[in-house]
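This report describes a ligand site and several charged pairs. Please examine the sequence and the structure shown here before reading on.

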Amino acid sequence: METIIEKLAHTHDLADSELKTLIETDKFDKELFSTADAVRRQAYGTDVYIRGLIEFTNFCKRNCYYCGIRRDNCNAQRYRLTKDEILECCDTGYSLGFRTFVLQGGEDEYFTDEVMCDIVSAIKTNHPDCVITLSIGERSYETYQKLRIAGADRYLLRHETATEEHYEKLHPKSSKLIIRKKCLYDLKQLGYQVGSGFMIGSPYQTTENIISDLRFLQELKPHMIGIGPFISHGDTPFANEPSGTFEMTVRMISILRLMFPESLIPATTALGTIKKGGREFGLSVGANVVMPNLSPKSVRKKYSIYKDKICTDEEAAEGVAKLRKSVEKAGYNVVTHIGHAKSYISNKGESDA
Ligand code: 5AD
């Protein structure tokens, strides 16, 4: 008889009740981890893609209850990078071997369409062989379209939770799940490679919520799926909520790899923050992307979405050599090419034909 893991690996799906069993116990972990790694190796070999993360503003008009850069956190030291500073980060990153730049920021109205498009096209002019990923929250279809024309290729926007009632527990009334979802579909329609995802162990999260997240991802079919543990932040309404666990996060990474064999799944900074060597472990159970920080050292600590975010040498881009070594030690190889999702390449091939 086929095991539940074999079934998941063959069909990329399970019934809700089977997923529930898999999510809630550790008894399948060993088989789950090794199967996820085998599937990852089939799709991507030992390649680990690196993305240079530039956290260019921590101003945010939103007030998400979990996030350390929420509007009402008056303890956050706010900063914005200038266009020149951003371009400099990209130049440094380029010479270190990065070919994807991820511009991530709070929802900061200073960065209007014009300002953002100007930055995106300047990066593309300086580095035409690079890919630009934006992660700047909810914007209109028209804005996404302008940014796409300016040269943005990919977009990260976690859906956070696909369950309406849960969404309302994590966000103020002004934030709506339906708008979040619309943004994701708009981005897909505009030809972005889209990344979504959610936190593991966010307050009030149930197994049923996680199953709904997986169902939503099956419907959206994103190219990238980012998950990481919720980590409480002292200056938020969730200061006293327990953080998500390492064990649950890596289990979910493996489940995602088996459900979405060709997707890009990062071993996130949050995973490395809750456990030493956490990112490397993530890579060994299905993740295939790491996103070192390219932001100037002076601002790194200020982009504090959760407590004790790692910004050691290894997290820093200067530590790329060190990162390469630790990735190699885990049995994988950092590669410097653009690193598209397999699903993106095959779909593109189809539409080009
Ligand atoms: N812990 C972990 N992840 C967080 N994020 C925001 N706040 C926290 C936190 N306290 C995640 C959200 C967001 C991404 C940029 O960071 O999922 O989409």
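**Terms and basis**

A residue is called buried under 20% relative accessible area, exposed over 50%, and partly exposed in between (1.4 Å probe, protein chains only). The model is predicted, so local features need pLDDT of at least 70 and side-chain atom pairs count only at pLDDT 80 or more, while totals for chains, interfaces and linings use all residues. Residues are numbered from 1 along each chain as its sequence is written, and side-chain values use heavy atoms, with hydrogens and water left out.

**Salt bridges**

Side chains of opposite charge can pair when their charged atoms come close. A salt bridge here is a side-chain nitrogen of Lys or Arg within 4 Å of a carboxyl oxygen of Asp or Glu. The whole structure holds 20 salt bridges.

In one of them, Arg-80 pairs with Asp-108, and their closest N and O atoms are 2.7 Å apart. Arg-80 lies in the loop between S2 and H4 and Asp-108 in the loop between S3 and H5, 28 residues apart; helices (H or I, at least four residues) and strands (E, at least two) are DSSP runs numbered from the N terminus. Asp-108 is buried at 4% relative accessibility, whereas Arg-80 is partly exposed at 34%.

**The ligand site**

Among the residues around the ligand are Arg-158, Glu-160 and Ile-305, where a heavy atom within 4 Å is required. An oxygen atom of the ligand is 2.5 Å from an N or O atom in the side chain of Glu-160. Glu-160 also belongs to a salt-bridge network with Arg-62, Glu-107, Glu-138 and Arg-180.

Key
A polar contact is a pair of N or O atoms within 3.5 Å; within protein, one must be able to donate a hydrogen and the other to accept it, and residues adjacent in sequence count only if both atoms are side-chain atoms.
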